[in-house]
Amino acid sequence: MRRLTADVTAVTDSVMNRGGDRTRWASMLGRNRRDAAVLVLLSGSWDGAADHPGGVPADAEVLLTERAPTLRQHSGQVAFPGGAVDPGDDFPVGTALREAQEETGLVADGVDIIANLPSFPVPVSGFDVTPVLAHWSRPGDVRVIDTGETARVARVNLRELLSPASRFQVERKVLGARAYRGPAFMVDGLLVWGFTGGLIAAISEVAGWDVPWDHDDVRPLDEAIEAAGSAQTVGEASVLSDPMRQELLDDERRGGRR
């Protein structure tokens, strides 16, 4: 992971420079952003593997959660453990570890913090999210703690996640215009897209873990959700913040299309 730690701004730059409407609309969040942190927790051998891009070892895994389908926001979606800062948190590391413990039962004693990546805005939720990159040197049991918040906790093999067979893009249109297009992964019954999919894609790109895959494989988001058998529902609020929605409406009135 030396390429990640050598330039911690590169992941954020990759996300923000990917292009498309969300990059342009990110500036429309305004100043009332809420601080949040997510834990990007990787486990596996610390020694690089010469037979795989970036040295990803065969036993490398990443910790992911599937949000409960009953939640009001981002229901059923796959995410890194994490959430909004609480008073008294040692932000961002304390926030990320506290949320991971609450969601998965993670014991922090086995977690070695590698780096805090610069934050970037998530327009739909209004958060300014700081990814905390860590290595799970002494993996322990993880599980669903609160079924009202989390439906599944999974340790996903990183090579399988990043394999060309698992990768594509998803797209969502609103009012006839493209409201969202971004990286997606389908692995072990999990559809990973949105903020989490974009962050994984950026980390893989910067770290040199990418295996060539078909960027022209673009699937409608609703069809990808159905194919995964996912319980998530995706309305406009999942891909559009209020300013984004207003801009699309203004474009519609002007007869504009992207």
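Biologist: Which residues are linked in a network of salt bridges?

Modeller: Asp 86, Asp 89, Arg 98, Glu 99 and Glu 102 form that network. This is a predicted model, in which local features need pLDDT of at least 70, side-chain atom pairs count only at pLDDT 80 or more, and totals for chains, interfaces and linings use all residues. Residues are numbered from 1 along each chain as its sequence is written, and side-chain values use heavy atoms, with hydrogens and water left out.

Biologist: Why is Asp 188 called partly exposed?

Modeller: Buried means under 20% relative accessible area, exposed over 50%, and partly exposed in between (1.4 Å probe, protein chains only). Asp 188 has 47% relative accessibility and therefore counts as partly exposed. Arg 152, its salt-bridge partner at 2.7 Å, N to O, is partly exposed as well, with 24%.

Biologist: Why is α2 called oblique to α6?

Modeller: Helix α2 (residues 9–16) and helix α6 (residues 194–207) pack at about 125°, their axes 9 Å apart. Angles under 35 degrees count as roughly parallel, over 145 as roughly antiparallel, 65 to 115 as roughly perpendicular and the rest as oblique. The angle of about 125° therefore makes α2 oblique to α6.

Methods: Axes fitted to C-alpha atoms, helices over the stretch in contact; angles between N-to-C directions. Helix = DSSP H or I, 4+ residues; strand = E, 2+ residues; numbered from the N terminus. Salt bridge = Lys/Arg side-chain N within 4 Å of Asp/Glu carboxyl O.
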